[in-house]
Amino acid sequence: MKTEKGLHEKICTFDNADTSYHQAAKCKRYSEEVLAFSMSKEDELLRAVDELQTLNYNQGEYTVFKVWEPKERLIMALPFYDRVAQHMIINIIGPVFERGFYYHSYACREGKGMHAASNQLYGWMYELMDRDGLRIYAFKGDISKYFASIPHDGLKDEIRRYIGDKNVLRLTDDIIDKNGILPDGVGIPVGNLTSQTFANVYGNRLDKFVKHTLHAPYYIRYMDDFVILSPDLNQLREWQKRIEEFLEEEMKLHINPKSTILYAGNGIDFCGYIHHPNYRKVRKGSVRRLKKDVKALKAGELDREQFNRKYQSRIGHMGHADTYHLTKAIEYDLLFWEYEQTENGLAVPG
């Protein structure tokens, strides 16, 4: 594949810097660091352009914290200035990578996402099982600790398959090497804009292997989770073995021991939903978290504004599955509780 050159000068323009500022500030315009940056916005953007142009950009220190939903993850976030600088880089090199990505890779890509991935898997299952009447099995795979395990040398080599601009490669190499609290030579931080793109670049190696070497027709991936469908159980077992070997030997990654082959008719857990050939359910954990929020609201442990933010997000997620009766039951429970509070002369929190 021909590598792209002439990218560095496209990164280092004021227009790109200004666009990147608005991208980085989206939904955070009134946060303290964005307001502070905005006070000297033009000077800061000119500094970003100059540092990237002269290759003197020096990435700031990560703020490290944990999140627990939907599962425990260690997040490393950069200062706002660095987020602007890295938007400038990704705005130009992202489309170069995008042209080489597998169509059914759905994480962190424009026009894709979890719901699109879920819809595609659901469509395949309906087509194969409900319409064609086939007995389908699934290899449900998960790459263990994906972000923290990506080898820097392998990632840099993969980036060089797409990009031939030496100045851009100096910038990307430096960002990869400065990986926060992770060990030297391995791992990219969850929470970093460039990490999302780099993780897709490295994961595309697996996509190419599955599609062009194994020739699996029904393969879908969402970052470190992937599913392969087939009516041939023995074929799936062979593919599982070869994928595990490829990950270990070629990509220096490990398959999660929880990865398994299962009968698709029993449901496939993927992208937050349990998929069946003619209906979808949400995970029990999603329902449990919503009911926990309702309980916390009633107990006064969660104010109405906080609750509404979580509630709308969770209901929106559930709306893509067959959850009408479940969501209506919770809605009526809330309405009845609010009515009781009013009847008893009590103010509803928020």
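Colleague: Which residues are exposed on the other side of α11?

Modeller: N234 and E249 are exposed on that side of α11. Please keep in mind throughout that this is a predicted model. The general idea for a helix is that an α-helix has 3.6 residues a turn, so residues three or four places apart point the same way. In the present case, L236, W239, Q240, I243, F246 and L247 of α11 are buried. Seen down the axis of α11, these buried residues fall within an arc of 135°, and therefore they line one face of the helix.

Colleague: How many residues does helix α11 have, and what distance does the helix reach?

Modeller: Helix α11 comprises residues 233-249, which is 17 residues. From its first C-alpha to its last it reaches 24 Å, close to the 24 Å expected at 1.5 Å a residue.

Colleague: Where does K252 lie, and what is its phi?

Modeller: K252 lies in the loop between α11 and β6 (260-263). Its phi is near 60°, a positive value in a residue other than glycine. Another such case is C108, with phi near 55°. C108 belongs to the loop between α5 (80-98) and α6 (114-131). C108 counts as partly exposed because its relative accessibility is 44%, between the limits of 20% and 50%.

Colleague: Let us turn to strands. How do β4 and β5 run, and how many bridges join them?

Modeller: The general idea is that in a regular strand the side chains alternate between the two faces of the sheet. Here, strand β4 (residues 218-222) and strand β5 (residues 225-230) run antiparallel and are joined by five bridges.

Colleague: How should I read salt bridges, and how many does the structure hold?

Modeller: The structure holds 20 salt bridges. E51 and R47 are four residues apart in helix α4 (residues 41-53), and so they are separated by about one helical turn.

Colleague: Are E51 and R47 buried or partly exposed?

Modeller: E51 counts as buried because its relative accessibility is 17%, which is under 20%. R47 is partly exposed, with a relative accessible area of 34%. The pair also belongs to a network of salt bridges that links E44, R47 and E51.

Colleague: Which parts of the chain does the pair E158 and R205 link?

Modeller: The side chains of E158 and R205 meet in a salt bridge at 3.8 Å, N to O. This pair links distant parts of the chain, with E158 in helix α8 (residues 152-159) and R205 in helix α10 (residues 193-213), 47 residues apart. Both E158 and R205 are buried. A further salt bridge joins R131 to D132, with the closest N and O atoms 3.0 Å apart. There, R131 is exposed, with a relative accessible area of 54%, while D132 counts as partly exposed at 39% relative accessibility.

Colleague: How far apart are T3 and G164, in sequence and in space?

Modeller: T3 and G164 are 161 residues apart in sequence and 5.1 Å apart in space, C-alpha to C-alpha. T3 is found in the segment before α1 (8-11). With a relative accessible area of 28%, T3 is partly exposed.

Colleague: Which residues form the nonpolar patch on the surface?

Modeller: V64, L74 and I181 form that patch, with about 240 Å² of accessible area together. Of these, L74 is found in strand β2 (residues 73-77) and is partly exposed, with a relative accessible area of 35%.

Colleague: Finally, how many helices and strands are there in the chain?

Modeller: The chain has 14 helices and nine strands. Of its 350 residues, 47% count as buried. Its C-alpha atoms fill a box of roughly 65 × 60 × 35 Å, taken along the principal axes.

Conventions:
Residues numbered from 1 in each chain as written. Predicted model: local features only at pLDDT ≥ 70, side-chain atom pairs only at ≥ 80, totals over all residues. Heavy atoms only, no water. Pairing = 2+ DSSP bridges. Helix = DSSP H or I, 4+ residues; strand = E, 2+ residues; numbered from the N terminus. Patch = residues over 30% accessible without salt bridge, like charges linked within 9 Å, V, L, I, M, F, W, Y side chains within 5 Å. Areas by Shrake-Rupley, 256 points an atom, 1.4 Å probe, with all protein chains shown as cover. Salt bridge = Lys/Arg side-chain N within 4 Å of Asp/Glu carboxyl O. Buried < 20%, exposed > 50% of the residue type's maximum accessible area, 1.4 Å probe, protein only. Expected span 1.5 Å × (residues − 1). Arc of directions from axis to C-beta.
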